[in-house]
Structure formats: C-alpha cells, structure tokens
Amino acid sequence: MAPVPTFPVKVGQIDDVQELRKVEPSTIPERFVRDLTERPSSLATALSPPAGIPIINLSKLMKGNHDEFHNEILNLATACEEWGFFQVIDHGIELNLLENIEKVAKDFFMLPLEEKKKYPMLPGTVQGYGQAFVFSENQKLDWCNMFALGVEPHFIRNPKLWPAKPAEFSETLETYSRDVRKLCQCLLKYVAISLGLKAETFEEMFGVAVQAVRMNYYPPCPRPDLVLGLSPHSDGSALTVLQQGKGSSVGLQILKNNTWVPVQPIPNALVINVGDTIEVLTNGRYKSVEHRAVTHKEKDRLSIVTFYAPSYEVELGPMPELVNENNPCKYRRYNHGEYSKHYVTNKLQGKKTMEFAKIQTQNST
Ligand code: OGA
Ligand code: NI
C-alpha cells in the first residue's frame, strides 16, 4: 500500500453501513444511491452467458504429467487473455487456514463500532477500517465496510492498525499471508511460462514484492438495485487473490463483452485476477479486467482480498519480448511506486487509473 497522500482530503459524512442497518434498516441515504447508469440493473446480468470464469487446477501444473501440464498452461493463457480472471482449485492452501482467516475477518467486522474505530482508515489513506478511495464530499459511497492492512515488506505495516481483537487475528493473517504469497509466486511462474518466458521472470523483476490485504464486508441491503457494494475498478496489483466467504451471496461481477458476469463461488476455490501491472508488462496481452461487487437483499457477503505487486522502486513497462510490429508498445515505462500512489489517490472508476501508463496513440488521418 502506497505512501499516504499529502493533500488534505474532505470526504464529508461517511455512514458505516453496518450501523445504518441497525438504526434504519429500510433507508438508503442519498450518498449511496447511484446514478441511473451506474446501478446494478442497468446492464443485463440476467442475460450473462451460462459459462462461468475459467477454472485452473494448480495440481495439474505442479504435479501433472506432460499432457496435463501442457493443457493447463494453455487454459491459463486463455483465462488471462480472454477473462483476466480464473478460479484456482487444488491450490494447496489448507482448508483450515481458509476457514480461520474467514472467521477472524467476520469476527472483526462483528465487533462493536467503537472497537473497530480504534483502527480508523483516515481520509486519503488506504489502511485501517472504513471506506477507501473516497476523495470528495459528494462522491457516491459503496455499500461496504473495509478493513485493509499492508503486510509485506514490513516497512509498509502500520502496527497500530493490527487489531487486538479477535485475539487470533494477527497470527492468522500472518500464516495466511505467507501461504498466499507462495501461491502468488507459484502462479506467476506459470503465468510467465504461459507467455513463453522463463519461469523466474516476474520474481526477478519484482524485487521484494508488496503484499496487502483488504477484507470487504457487504451487509445485506434493502435496495440492492440502487447501490453498489464496490465501485467498478481494475486492480493495481500484478495478481489479486480473492477468497469469498462460505455461504456468502454471489456478489463479484466482471465486465466481459460489455456485460457484467457474476462469479459463481466454487467451494474452497480462490478467485485470481490479473492486475494492471501484468497488463502493462504483457503489453495488453493479459487483461486487467474491470470488476465490481453488488449487494443482496437478505444475505451478507465477506471477501478477503490479497494484492501482490512489485516493489515500489521497480521500473516497469511492456516487456520487449511481447512488443512487435503487430502489437506495438501501448504503455510507457514508469516507476511502480508512482503508479501505486496514483492508484490510491484516485477514486475507483473502471480502468481509468491505467491512463497513467497509456501511451497516447496519434490518430492517423
Ligand atoms: C477488491 C475487489 C471484490 C469483492 O477488493 O479489489 O475487487 O468481491 N473485491 O469483494
Ligand atoms: Ni478488485
């Protein structure tokens, strides 16, 4: 999580959505009501294709025979090119650990507001409890409570924000993050292979990778048709690992061919998506796809999201191997720390943050 912005930020009144439900369960304050074009029903999700996002079996990549390996690498390439998203099964992270992180996350969100407020996400910052990416008094708000922490390397941690309750929170997050980090490194190896690159390409390029976690809690909403759980955005990471709470409602949607496609949770699978960094490095071959979350009338939803990104001092740009006459260079070179800062100091707005990296093409006459 990038440095704290230095400009003053006025965000106005931000109601805590869990508290709102307690006080006035049927009212939606104006600040949460989206403009017509942004509302969940404005694009026909009901018409979404029956095929879900691709599924990748990690054990086939790690232990499969030659044919299984080859097939799964091709599946991975297609998933990253056409969907930017896949669900990984047989990923090797213990079920126990998935359950434990879910439990501490849920227990944290269920604490009294006073307790959670001891770890506030201050306006303009991205760690702690609250709503991130709010930069003005009239910006619409997401129907969501967030709790975000920088994890690796240690200098991005803010130890004051690691909660005392629930008691097992910190230890569980440490163990979970260690395993998710290994998973990211492993997946990036296969992503490199699927591009015809040497397996260690990303590991060597990234330095000591930055890892952050964001837990999102979406309470039920009396009018899911009027609000968004999380505004449309692409992730600034290289890879994102998203765990959906057991029994949670379907809420994550990805934009494919102009249609919002819901991600149907598969028990114990993890949702992986390509972030902006990989899109830039592959010169657009692998896509950082826009996604959002919607809410549900009766059910709540929890997601635990890990962002894995290069070290801030790394300079990035499209890899020469992936640029040629047919695929001319689309992005400039930039410092990843600056990109991160740009990302966290702008509101979530589709793929807009990527304009930071785009080379402006000259229209030929
Ligand atoms: C995110 C994200 C979606 C979800 O946190 O970046 O896309 O389903 N979350 O919570
Ligand atoms: Ni996201």
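Helices (H or I, at least four residues) and strands (E, at least two) are taken as DSSP runs and numbered from the N terminus. The model described here is predicted, so that local features are reported only at pLDDT of at least 70 and side-chain atom pairs only at pLDDT 80 or more, whereas totals for chains, interfaces and linings use all residues. Residues are numbered from 1 along each chain as its sequence is written, chains are lettered from A and ligands numbered from 1 in the order in which they are written, and side-chain values rest on heavy atoms, with hydrogens and water left out.

Aspartate 90, placed in the loop between strand S2 (85-89) and helix H4 (95-109), has a positive phi of about 50° although it is not a glycine. Most residues other than glycine have a negative phi, and most peptide bonds are trans.

The UniProt annotation "domain: Fe2OG dioxygenase", from an unreviewed entry, covers residues 201-310; UniProt positions are given in the numbering used here, feature names are shortened, and annotations may be inferred rather than shown by experiment. This span is 11% helix and 41% strand, and its end C-alpha atoms lie 12 Å apart.

Ligand 1 is surrounded by 13 residues, of which Arg214, Tyr218, His291, Arg301 and Ser303 are the closest, a residue being counted when one of its heavy atoms lies within 4 Å of the molecule. By class, this shell around ligand 1 comprises 6 nonpolar, 4 polar and 3 charged residues, where Ala, Val, Leu, Ile, Met, Phe, Trp, Tyr, Cys and Pro count as nonpolar, Asp, Glu, Lys and Arg as charged, and the others, Gly among them, as polar. Strand S5 (210-218), strand S6 (230-233) and strand S12 (301-309) are the elements that give two or more residues to the shell, and S12 gives the most, with 4 residues.

An N or O atom in the side chain of serine 303 is 2.6 Å from an oxygen atom of ligand 1, while the corresponding distance to an oxygen atom of the ligand is 3.0 Å for the side chain of arginine 214 and 3.0 Å for a polar side-chain atom of histidine 233. Taken alone, ligand 1 exposes 290 Å², of which the protein buries 99%, the areas coming from the Shrake-Rupley method with a 1.4 Å probe.

Methods
A polar contact is a pair of N or O atoms within 3.5 Å; within protein, one must be able to donate a hydrogen and the other to accept it, and residues adjacent in sequence count only if both atoms are side-chain atoms.
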